[in-house]
Amino acid sequence: MKNRNFSIALLALAMTTFVVSCSDDDTEIETVTVTETETIEVDSSLPVGDLAVAASGNLTAESGTPTQGLVELGIDTGDTNFVHFADDFTTELGTGTVGIFLSTSETFTADPANGNPDLMLIGNVQGNGEMYIKLDATPDAKYTHIILWCATANIPFGNVALN
């Protein structure tokens, strides 16, 4: 009988605790203010500050393309090297991917079996107009030209001597 009375008392205590804790007589309203945050994307392919131009030249069109524009090689205030195609840059865009190569001459000479130490792919043309290509390191002094090469047609679209 003691166990039964104890069980009933324990059940009554549990019910009282449940009713008291779930009552909304003492409900407080908490105000939460939500503020919007703006996400800003940083394009790491753009120079920081001014670009100090080390060499530049104007593109010479090849293979009947409309290639033209100013190309600059320089370094930004964060010591990052860039190739900059000015806003007057134009080339043919309808034939496929146009690769941008640093070269030791104005002539593209592929050597697929061995790789050509006289060429270094730095990017692809994304469109006409201004474009920056971020370089991993200062290009070797042996690279004196930039060549635009269309692998699909296997022809050069243009080149520029960097002076």
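Let's start at one residue, Ser-63. Leaving aside neighbours within four places in sequence, Ser-63 is in contact with Ile-155 and Pro-156. Contact here means heavy atoms within 4.5 Å. Ser-63 and Pro-156 are 93 residues apart in sequence, yet 6.4 Å apart in space, C-alpha to C-alpha. The side chain of Ser-63 reaches the backbone oxygen of Pro-156 at 2.7 Å.

A word on the source. This is a predicted model, so local features need pLDDT of at least 70 and side-chain atom pairs count only at pLDDT 80 or more, while totals for chains, interfaces and linings use all residues. Residues are numbered from 1 along each chain as its sequence is written, and side-chain values use heavy atoms, with hydrogens and water left out.

How confident is the predictor? pLDDT is its confidence in each residue, from 0 to 100. The chain's mean pLDDT is 82, and 73% of residues reach 70 or more. Over residues 16-27, pLDDT is below 50, and that stretch has zero contacts in the model beyond near neighbours in sequence. Where pLDDT is low, the predicted coordinates should not be read in detail.

Now the overall layout. The protein chain has one helix and nine strands. Helices (H or I, at least four residues) and strands (E, at least two) are DSSP runs, numbered from the N terminus. Along the sequence, the pattern is α-β-β-β-β-β-β-β-β-β. Of the 163 residues, 32% count as buried. Buried means under 20% relative accessible area, exposed over 50%, partly exposed in between, using a 1.4 Å probe and protein chains only.

Back to our loop. Ser-63 sits between strand 2 and strand 3. Its relative accessible area is 44%, so Ser-63 is partly exposed. Thr-65 lies in the loop between strand 2 (60-61) and strand 3. Is Thr-65 buried or exposed? Its relative accessibility is 12%, so Thr-65 counts as buried. A polar atom of the Thr-65 side chain lies 2.9 Å from the backbone oxygen of Glu-62. Thr-65 also touches Glu-92 and Phe-157, not counting residues up to four places away in sequence.

Next, the inside. A nonpolar core is a set of buried Ala, Val, Leu, Ile, Met, Phe, Trp, Tyr and Cys residues joined through side-chain atoms within 4.5 Å. The largest one has 22 residues, and Val-71, Val-83, Phe-85, Ile-100, Ile-146 and Leu-148 have the most contacts inside it. Strands 3, 4, 5, 7, 8 and 9 each supply at least two residues of this core. Apart from it lies another core of five residues, among them Phe-101, Phe-108, Leu-119 and Trp-149.

Last, the rings. Rings of Phe, Tyr and Trp (its six-membered ring) pair if their centres lie within 6.5 Å; planes under 30 degrees apart count as stacked, over 60 as edge-to-face and the rest as tilted. By this rule, there are four aromatic pairs. Phe-82 and Tyr-132 have ring centres 6.1 Å apart and planes at 85°, so this pair is edge-to-face. Phe-82 is in strand 4 (residues 81-85) and Tyr-132 in strand 7 (residues 131-134), 50 residues apart. Phe-82 has 1% relative accessibility, so Phe-82 counts as buried. Tyr-132 has 23%, so Tyr-132 counts as partly exposed. Ring pairs also link Phe-101, Phe-108 and Trp-149 into a cluster.

Terms used
pLDDT = per-residue confidence, 0-100. Polar contact = N/O pair within 3.5 Å; in protein donor to acceptor, adjacent residues only side chain to side chain.
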